[in-house]
Amino acid sequence: MRPEPPQKHNPHKLTIWQHVFPAKSIGRFAGADGTVSVTLCETGRQFRVPPEDRIFSAKRVWDQRAETGYMKDIEDNFQALADQIVDGRRSLDSEHYRVARMFFALWWLRFSARNSPTPDGVLVGIEPDALSRDQQEILEAKGVAYIRADRKMPGRVLSGSQIQMDIDRFEACYAGLRWGVATAAKGEFILPDTFGQLMAVPVTPTICLVGDHENVEMPPSEVSRFNRLAVQSAKTYFIARDPTHCLR
């Protein structure tokens, strides 16, 4: 399914390329040149790109309300926690656990949406809106849903709402899940494009949040095991600061 392009020059500043895993988080894996190493799963080809590269993004898969609303709130809360962890925080409380859970769910669900975009949905029994293209984009920019003249609601609007509901369900299901801070005693962690349902969120090349785990310093054997799981979980690519430092 091809994403719907905005009007020429994108007058209402709708976000077209939407990061699945935030650029700021990818940036913590950047080397001195400001780029990260990407390895393609299918071919093994490696190359370096900046954290803002489009390979890390979905193209207009969810709506602007989701992008700049609840998703941004979840990301901002996680980045504040990640900064504290980078600065040395190792004592996490229930609110930190919630922040980690919400962010993991957001990452997982955005990855799923990117790979299986929601099609436009026909709504029966509801009168369509007689809106121009410009009016539709104004409404989306303001976070308002609408129905086109063909009685269809854009798939990205449905996707944004579905992801939000699924995050709420995830949080309700895993409300008691604790998270631990794992640090690598030697070597560096790999960041996959997805861990699937394996609850782990790499924070830096040497720090990772792990669900249902205590704070721990991982010995080289565990770092190797973690990285093998990361590679096995990845679907399209995985990221590293320097692949030669990632124990496998």
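Modeller: Let us begin with a term: two strands pair if DSSP finds at least two bridges between them. Please bear in mind that this is a predicted model.

Colleague: Which residue of β12 does L191 stand opposite?

Modeller: β8 and β12 run antiparallel and are joined by two bridges. At least two bridges are needed for two strands to pair. Within β12, the residue opposite L191 is I239.

Colleague: In the mixed sheet, which are the edge strands?

Modeller: This open sheet has four strands in the order β9-β10-β7-β11, with mixed pairing. Its neighbouring strands are turned by 30° against each other on average, direction ignored. Pairing on one side only are the edge strands, β9 (200–204) and β11 (216–218).

Colleague: What is the bridge partner of W179 in β10?

Modeller: Strand β7 covers residues 179–184 and strand β10 covers residues 207–211. The two run antiparallel and are joined by five bridges. The partner of W179 is G211.

Colleague: Which strands does helix α7 touch as it packs on the sheet?

Modeller: Helix α4 (residues 94–115) lies across β7, β9 and β10, and runs at about 100° to β9. Helix α7 (residues 220–233) also packs on the sheet, its direction making about 80° with that of β11. The strands that α7 touches are β7, β9, β10 and β11.

Colleague: How many Å apart are the end C-alpha atoms of helix α3?

Modeller: Helix α3 (residues 70–86) has 17 residues. At 1.5 Å a residue, α3 should span 24 Å. The separation in the model agrees with this, at 24 Å.

Colleague: What is the packing angle of α3 and α4?

Modeller: Residues of α3 including M71, I74, F78 and L81 meet residues of α4, among them V99, M102, F103 and L106. The axes are 9 Å apart, and α3 passes α4 in a left-handed crossing. The helices pack at about 125°. That angle makes α3 oblique to α4.

Colleague: Which residues of α3 are buried?

Modeller: Just after α3, G88 takes a positive phi of about 120°. The buried ones are Y70, M71, I74, E75, F78, Q79, L81, A82 and I85.

Colleague: Is N10 buried or exposed?

Modeller: Most residues other than glycine have a negative phi. N10, in the segment before β1 (17–19), has a positive phi of about 45° although it is not a glycine. Its relative accessibility is 16%, so N10 counts as buried.

Colleague: What is the relative accessibility of R151?

Modeller: R151 is found in the loop between α5 (133–141) and β6 (152–153). Its phi is near 70°, a positive value in a residue other than glycine. R151 counts as partly exposed because its relative accessibility is 34%.

Colleague: Why does E188 count as buried?

Modeller: E188 is placed in the loop between β7 and β8. Leaving aside neighbours within four places in sequence, E188 is in contact with residues including P205, V223, R241 and H245. Buried means under 20% relative accessible area. E188 counts as buried because its relative accessibility is 8%.

Key:
Residues are numbered from 1 along each chain as its sequence is written. This is a predicted model: local features need pLDDT of at least 70, side-chain atom pairs count only at pLDDT 80 or more; totals for chains, interfaces and linings use all residues. Side-chain values use heavy atoms; hydrogens and water are left out. Axes are lines fitted to C-alpha atoms, for helices over the stretch in contact, and angles run from 0 to 180 degrees between N-to-C directions. Contact means heavy atoms within 4.5 Å. Buried means under 20% relative accessible area, exposed over 50%, partly exposed in between (1.4 Å probe, protein chains only). The expected span of a helix is 1.5 Å times one less than its number of residues. Angles under 35 degrees count as roughly parallel, over 145 as roughly antiparallel, 65 to 115 as roughly perpendicular and the rest as oblique. A crossing is left-handed if the near helix is turned anticlockwise from the far one by less than a right angle, and right-handed if clockwise.
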